[in-house]
Amino acid sequence: MPISSLAALPIRRLTPRDLTACADLSEDRGWLREEHKWGLLLTAGHGYGIDDPDGGLVAACVVTEYGSGQRVELGAIGMVLVAERHSRKGVGRRLMRHVVAAKDGTPLTLHATPLGRPLYEEIGFKTVGQAEMLMGRFRPDGSEPSVPTRAATAEDLPSLLRLDAEVFGVDRTPILVRLPAFADQVRVAEEDGRIVGYTAAWPNMQTHVVGPLIARDTETAKALVESLAAHTDRPLRTDVDVRHEELLVWAKERGLAPVMSNAVMMLGAPDLPGDWTRRFAPLTVAAG
């Protein structure tokens, strides 16, 4: 298809009905289909896509918005994909510029691969951090965790939402209320009747992704990861903020190997809100 014809194709909002087309697009680019994750993002977020007249999608991305009430305070961009047959023709740039314009000044964040980073820098995103993806079978060392953990219950949800908003810096209620149905495990760390951390393990193809991982300190984060690993026979995968060096070293010693690193980028704000010292891993890099 000529570039001029691509530029004339309209950008539309995606819905959960586009899940298969989005998964096909992922597969076209050599990514996993990740239908479970696409389902969450298309339900909790706002998808944008360009239809291919020959079938399927030319391009797609999802923006997950966070904030209090009707006020959007942060948007997380993820799953930015362009079909291989239409790559290197300016489609991704056009889609991203459309999304940035649609968000009208709202601070935006994303995790950028080395391949995508030049495009985002051209649009104005600045690198504010880095996350390292780890994956592998967790090997416990036989020691007792120093922080008690347990399975989360429905009664814990208000406390989890308050803790998450405090640490993440903005309210993520619309996506977190979906976490119990989305994840296979949600666990909390508790001290003197107070929740001091929480995490989840959600299925993604053959792995369990650890995220979000919110914890009072590194020992609490370790205990939460150990508690998830003890209740699954799948390999674990997670994306850890590289400033948490102790957790990264510990996880690698327990069998999680580095896979790749992504740049954490921002547009419209100097940095991510919240307290990074307690924010160890995102729910998913596509949604922050």
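In strand β12, S261 is the bridge partner of E132. This pairing belongs to a predicted model, in which local features need pLDDT of at least 70, side-chain atom pairs count only at pLDDT 80 or more, and totals for chains, interfaces and linings use all residues. Residues are numbered from 1 along each chain as its sequence is written, and side-chain values use heavy atoms, with hydrogens and water left out.

Strand β6 (residues 126-136) and β12 run antiparallel and are joined by nine bridges. Strand β12 (residues 257-267) also pairs with strand β5 (residues 108-112), again in the antiparallel sense, over five bridges; here L110 stands opposite M265 of β12. Strands are DSSP runs of E with at least two residues, helices are runs of H or I with at least four, and both are numbered from the N terminus. Two strands pair if DSSP finds at least two bridges between them.

Turning to the helices, α2 (residues 19-28) and α3 (residues 35-44) have axes that come within 10 Å and cross at roughly 130 degrees. Axes are lines fitted to C-alpha atoms, for helices over the stretch in contact, and angles run from 0 to 180 degrees between N-to-C directions. Helix α2 is therefore oblique to α3. The contact (heavy atoms within 4.5 Å) brings together L19, C22, A23 and S26 of α2 with E35, W38, G39 and L42 of α3.

A second pair, α9 (residues 218-229) and α10 (residues 245-253), packs at an angle of about 30 degrees, with axes 10 Å apart. These two helices are therefore roughly parallel to each other. Angles under 35 degrees count as roughly parallel, over 145 as roughly antiparallel, 65 to 115 as roughly perpendicular and the rest as oblique. On the α9 side the contact is made by T218, E219, A221, K222, V225 and E226, and on the α10 side by E246, L247 and W250.

Some backbone details are also worth a look. Most residues other than glycine have a negative phi, and most peptide bonds are trans. The peptide bond from G211 to P212, however, is cis, with omega near -5 degrees, and P212 is found in strand β10 (residues 207-215). D104, not a glycine, has a positive phi of about 50 degrees; D104 lies in the loop between α4 (91-103) and β5 and is exposed, at 69% relative accessible area. M205 has a phi near 55 degrees, sits in the loop between β9 (194-204) and β10, and is partly exposed at 39% relative accessibility. Buried means under 20% relative accessible area, exposed over 50%, and partly exposed in between (1.4 Å probe, protein chains only).
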